[in-house]
Amino acid sequence: MAPTDAAFDHKAFLSQLSTLPGVYRMIGAGDELLYVGKARNLRKRVGSYFLRASGNPRIESMVSQIRRIEVTLTHTEDEALILEANLIKDLKPRYNIYYRDDKSYPYVRFSDHAYPRISYYRGARSGRDQYFGPFPSASSVRETLQSLQKLFRLRPCRDSFFAHRDRPCLQYQIKRCSAPCVGLITPEDYGRELRNAARLLEGKGDELARDLNAQMEQAAEALEFELAARLRDQIAALKRVRQNQAMTGGAEDLDVVVVAPHPAHSCVTVVSVRDGANLGHKSHFPRHPLGTDPAELLESFVSQHYLEHPPPPEILLGDRLDEAGLLEEALSRHGGRRVRIHHPQRGIKQRLLEMAQQTAAQALSAHLLEAATMDQRLLELQQALDLERPPQRMECFDISHTQGERAVASCVVFGPEGPLKASYRKFNIDGIEPGDDYAAIRQAVGRRFAKIKSGQGSAPDILFIDGGQGQLNAALEALEELEVTELRVVAIAKGPTRKPGLEELILPEQEHALRLPPDSPALHLIQRIRDEAHRFAITGHRGRREKARLGSGLDDIDGLGPARRRALLRAFGGTAQIRRAGVDEIARVEGVSRTLAERIYAHFH
């Protein structure tokens, strides 16, 4: 192996390089991974980088930094494609295009139950439940669930809630559920409504509308006017839903993938069509080098995205790809079915492509506007706090509790692109006097920066503390104990009037608080970070309080261990329902004897 700081002798390397398919990794000084690529002929592909000046500043810059190249041989080209996509995701080379959204697609799920529940679902599909989708985004699933409730009155509640109702809930009152929990609809009628919902999700809306019309006419002829009126209203609602859901002229299962190019912030948009219905779109903003070609963005997206998510039978692309055949073969083999990739020229599919391109352009415009606004806010913040450069990482701490109990500290993180939710942290605060916010801040900041000192995580450029001088002093004490210096720490106080927009920034080195103008972009950013920390702290505190509430009523009962507690909570849904239950009901729970049931009943009464 050549030393990492030596110039790369590409001629000697190419002379011994194989002509088989494989993956190559270009490595620079200090063992920095520059680029990962695939090739059907390694010698030909790698050699093309050194033949002549490419005219592409990005490629020329990358080639000038190469200190060595490592290769992995594969049996076939599609094996090379899969390996390349996996290495890019794992190693994130500087000059590759990288898509960070690894979440699975969401589905609508019908549970396996006498009265199936309709719900949002994300994850591996298993069991006897029914799944419809995938949908491109969570919002499209939730809109679909709302429509199904309005049309067919299917229950959205959990089984534990369903099993312990003795009267209809609010969903029944607002005509979003038929109240099967209390027997206001038979299993047969509920099953018919469920099948109608499935037909709509399967793209059989026209057939469903015809059947409902026929049923309405039959009910009218039989003088069942109440049923006929309900069917009439259902048909009208179905028509509205189908008008709002753009139809696709016969196209069944396909994705449309297009690029709205930009030198540094390109947008890749995927429009999903399933069972003839347009389910909406999702836009991605990949990290990529300056001046990346749109076709290269598309190829990288298809190879990375569809090796993580199941591809539909057809993928329409906004640009022609030289490697379309290779991608087809790889995705077909990986997905276990034939996948066709092409660039349509006419007809409904070409119109779908145009619609997707307009959507991508709009998403890119909004993203660029947000990015420009964020850049301006960071520059203003740099000037307001006298920083050497615009901050790249900002953290904010807040405390939430109820009369001092179950305190939780939140730590939210923001970067130039906005909130970095994967880096958020919650800290359960224990071992302090109830209501001592100063001690809570000291503990949370100390725990956070102790991890940073041990090499876990990155230190922020600015540390915001929601509170006044006391909270600021507590945070500074924790940092001093850990010998953390050269960190800008700022407390966000509400000010004497406590009105929004008049917050004060308390800085350790200034006697008087700093007040930014109400229209200051820097203040707006600080308010956004503070509000997010507040929201996250409240969410964490509520979760801790609810967990304590569920367990506290059962923890002190002799003979009731964790397994039986879980069985009781699963059977009844919560301690409130257990409190209302009689001895006979409690004794019916698996693992609970009559003697223990009497003890549980006596505990609550």
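Two strands are taken to pair if DSSP finds at least two bridges between them. Strands (E, at least two residues) and helices (H or I, at least four) are DSSP runs, numbered from the N terminus. The model is predicted: local features need pLDDT of at least 70, side-chain atom pairs count only at pLDDT 80 or more, and totals for chains, interfaces and linings use all residues. Residues are numbered from 1 along each chain as its sequence is written, and side-chain values use heavy atoms, with hydrogens and water left out.

Angles run from 0 to 180 degrees between N-to-C directions, and axes are lines fitted to C-alpha atoms, for helices over the stretch in contact. Six antiparallel bridges link β1 (residues 22-27) to β3. Arg25 has Glu70 in β3 as its bridge partner.

Another open sheet has three antiparallel strands in the order β5-β4-β6. Strands β5 (118-122) and β6 (130-132) each have a single partner strand, so one side of each lacks a neighbour in the sheet. Neighbouring strands here are turned by 35° against each other on average, direction ignored. Five antiparallel bridges join β4 (residues 106-110) and β5. Val108 stands opposite Tyr120 in β5.

Two helices accompany this sheet. Helix α8 (residues 187-201) packs on the sheet and touches β4, β5 and β6; contact means heavy atoms within 4.5 Å. The direction of α8 makes about 155° with that of β4. Helix α5 (residues 138-152) lies across β4 and β5, at about 165° to β5.
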